[in-house]
Amino acid sequence: MTEERLALFAEMESKYEQKDTDYFVSLLEHPDYVVRTRVACILVDFGGEDKVQYIAKVLKNDENELVRHEAAFALGQMSYSSAIPPLTDATLNDPSMFVRHEAAIALGVVGNKDAKEALQKALNDPDLPVVESAVVALSNIEFMEKLSKNEQFAKLTGG
């Protein structure tokens with residue numbers, strides 16, 4: 001790890017303790033993809049639906065597929081229905097199979113019936129991992145709708 005990255009992580013830890021959202025949002029533009037990946041996780045940890053817009057922007061625009069993958073995962077963990085449109089877009093349109101797969105799983109974790117149409121379209125994805133992820137996500141949504149009495153258990157089985 002570079003000295004520069006270590007110094008930045010030390011600064012980030014201090015800002016994390018202060019829950020400085022603006023500082024972390026500004027780091028979403030940082031040139032180091034490792035930093036951007038960490039920031040997505042930190043914003044999720046802060047909680048609050050107001051963070052969805054920032055992570056959705058990363059999912060749509062970051063040039064690094066690992067960062068976009070992490071943004072998709074983060075939006076799933078947040079479980080806000082406002083994450084469904086950006087996750088739907090990524091599931092159907094992201095150039096990376098890696099990101100489409102994670103966005104499909106995240107739609108299943110959010111568990112909202114509004115995600116079903118996009119997931120049904122994803123069953124036609126050219127890449128098998130995306131198709132399989134859509135199957136898992138759809139089965140989780142169906143389970144949550146029909147059977148589950150325990151929302152936390154249902155989210156854990158979502159992938």
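The legends below describe close-up views of a predicted model.

In this predicted model, local features need pLDDT of at least 70 and side-chain atom pairs count only at pLDDT 80 or more, while totals for chains, interfaces and linings use all residues. Residues are numbered from 1 along each chain as its sequence is written, and side-chain values use heavy atoms, with hydrogens and water left out.

**View 1. Helix α3 packs against helix α5.** Helices are DSSP runs (H or I, at least four residues), numbered from the N terminus. Helix α3 covers residues 33–46, and helix α5 covers residues 65–78. Their axes are 9 Å apart and meet at an angle of about 5 degrees; axes are lines fitted to C-alpha atoms over the stretch in contact, and angles run from 0 to 180 degrees between N-to-C directions. The two helices are therefore roughly parallel (an angle under 35 degrees). Contact means heavy atoms within 4.5 Å. On the α3 side it is made by Tyr33, Arg36, Thr37, Ala40, Cys41 and Val44, and on the α5 side by Leu66, Val67, Glu70, Ala74, Gln77 and Met78. Eight of these residues are nonpolar, two polar and two charged (Ala, Val, Leu, Ile, Met, Phe, Trp, Tyr, Cys and Pro count as nonpolar, Asp, Glu, Lys and Arg as charged, and the others, Gly among them, as polar).

**View 2. Thr37 sits in helix α3.** Thr37 is buried, with a relative accessible area of 13%. Buried means under 20% relative accessible area, exposed over 50%, and partly exposed in between (1.4 Å probe, protein chains only). Leaving out residues up to four places away in sequence, Thr37 touches Val67 and Glu70.

**View 3. Helix α6 crosses helix α7.** The axes of α6 (residues 84–93) and α7 (residues 97–110) come within 8 Å and cross at roughly 145 degrees. The crossing is left-handed (the near helix is turned anticlockwise from the far one by less than a right angle). From α6, the contact uses Ile84, Leu87, Thr88, Ala90 and Thr91; from α7, it uses Val99, Arg100, Ala103, Ala104, Ala106, Leu107 and Val110. Nine of the contact residues are nonpolar, two polar and one charged. The buried residues of α6 are Ile84, Pro86, Leu87, Thr88, Ala90 and Thr91. Their cover includes α4 (52–61), α5, α7 and α8 (116–122).

**View 4. Ala72 lies in helix α5.** Ala72 is buried, at 0% relative accessible area. Not counting residues up to four places away in sequence, Ala72 touches Leu59, Leu87, Glu102, Ala103 and Ala106. Phe9 is 63 residues from Ala72 along the chain, and their C-alpha atoms are separated by 23 Å.

**View 5. Met12 belongs to the largest nonpolar core.** A nonpolar core is a set of buried Ala, Val, Leu, Ile, Met, Phe, Trp, Tyr and Cys residues joined through side-chain atoms within 4.5 Å. The largest one has 43 residues, of which Met12, Phe24, Leu87 and Leu119 touch the most other members. Beyond four places in sequence, Met12 touches Tyr23, Phe24, Leu27, Val35, Arg38, Val39 and Ile42. In soluble globular proteins, nonpolar side chains tend to be buried together.

**View 6. Lys19 has a positive phi without being a glycine.** The phi of Lys19 is about 55 degrees. Lys19 is in the loop between α1 (3–17) and α2 (21–27), and is partly exposed at 46% relative accessible area.

**View 7. Ser79 lies in the loop between α5 and α6.** Its phi is positive, near 60 degrees, and Ser79 is a residue other than glycine. Ser79 counts as partly exposed, at 22% relative accessibility.

Key
Parallel < 35°, antiparallel > 145°, perpendicular 65-115°, else oblique.
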